[in-house]
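Below are my notes on the model, as numbered points. Please read them beside the coordinates.

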Amino acid sequence: MPSLTPDAREKLAAYLRFQQEFGIERVRMPAEFAAAAPISTPEAPVRAAPRPAGERLGATLGEIQADLGSDCRRCKLHQGRQTIVFGEGNPQAELVFVGEGPGADEDAQGRPFVGRGGQLLNDMIQKGMGLRREQVYICNVVKCRPPGNRTPEADESAACSPFLLRQLQAIRPRMVCALGATAAQALRPYKGSLASVRGVIHPLRVGDLETQLVVTYHPAFLLRDPSQKREAWNDLQLIMGCLGLR
Ligand code: SF4
């Protein structure tokens, strides 16, 4: 086996630590180490989202973003924001992650999930599911940062979530993953705890789009309570099974 550089060894150790924390039993070796270590991983499929032949596409993500505008004041969250964080990723992704709202890092950079929680989400996508971040689409229920990172209020979610629903209709993913209670409530209102809607694949209808929803914990919650990472991994495996990523 060719030797690893100290930098590669450090990255590999971090990678294996991630696998252990999430209780991932089958080692999925990232491509960067595959050349140095004789453990291979199948290349994750990159497939366009299914669109019936002749289907007329609705508004594009660009048109939806233009409708939202660069100075939206539909709810009070506009008061403290620096930037509107619309979302980013593959406009034809098979999998869309929906979080709650931007935090300080996201507000500063105008990109979703770029702070510590975003790094964990990247690891879940890349090290866990074997996908690249650019293959999925990532957005939030509210596009502006709630003050002090508080949970968005009902009127704020109500004002902004129509744009989320339009984003889903434009992307037409096969799977949607709600990260945390705010996203789950916006997509599939429920009573009770988040645990009551986790661990199951829910049918999800958004306008003419029929897709599927899996609810899991928000990465920020997993940073606070790492003991739930294995439960989150179980949820991600539901998605991977539906997308043929096992
Ligand atoms: Fe507009 Fe959404 Fe920002 Fe509220 S959170 S001001 S609805 S973009």
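1. The side chain of His-78 reaches the backbone oxygen of Cys-75 at 2.8 Å. A polar contact here is a pair of N or O atoms within 3.5 Å; within protein, one must be able to donate a hydrogen and the other to accept it, and residues adjacent in sequence count only if both atoms are side-chain atoms. His-78 sits in the loop between α3 and β1 (88–89). Leaving aside residues up to four places away in sequence, His-78 touches Cys-72 and Arg-73 (contact means heavy atoms within 4.5 Å).

2. This is a predicted model, in which local features need pLDDT of at least 70 and side-chain atom pairs count only at pLDDT 80 or more, while totals for chains, interfaces and linings use all residues. Residues are numbered from 1 along each chain as its sequence is written, and side-chain values use heavy atoms, with hydrogens and water left out. Helices (H or I, at least four residues) and strands (E, at least two) are DSSP runs, numbered from the N terminus.

3. Helix α3 (residues 61–68) packs on helix α6 (residues 154–171) at an angle of about 165 degrees, the axes being 9 Å apart. Axes are lines fitted to C-alpha atoms, for helices over the stretch in contact, and angles run from 0 to 180 degrees between N-to-C directions. α3 and α6 are therefore roughly antiparallel (over 145 degrees). On the α3 side, the contact residues are Leu-61, Ile-64, Asp-67 and Leu-68; they meet Phe-163, Arg-166, Gln-167, Ala-170 and Ile-171 of α6. By class, this contact of α3 with α6 has six nonpolar, one polar and two charged residues (Ala, Val, Leu, Ile, Met, Phe, Trp, Tyr, Cys and Pro count as nonpolar, Asp, Glu, Lys and Arg as charged, and the others, Gly among them, as polar).

4. Helix α1 (residues 6–21) and helix α5 (residues 116–128) cross at roughly 90 degrees, and their axes come within 11 Å. That makes α1 roughly perpendicular to α5 (65 to 115 degrees). Ala-14, Tyr-15, Phe-18 and Gln-19 of α1 make the contact with Leu-120, Asp-123, Met-124, Lys-127 and Gly-128 of α5.

5. Six strands form an open sheet with mixed pairing, in the order β1-β3-β2-β4-β6-β5 (two strands pair if DSSP finds at least two bridges between them). β1 and β5 (202–206) are the edge strands.

Methods:
Angles under 35 degrees count as roughly parallel, over 145 as roughly antiparallel, 65 to 115 as roughly perpendicular and the rest as oblique.
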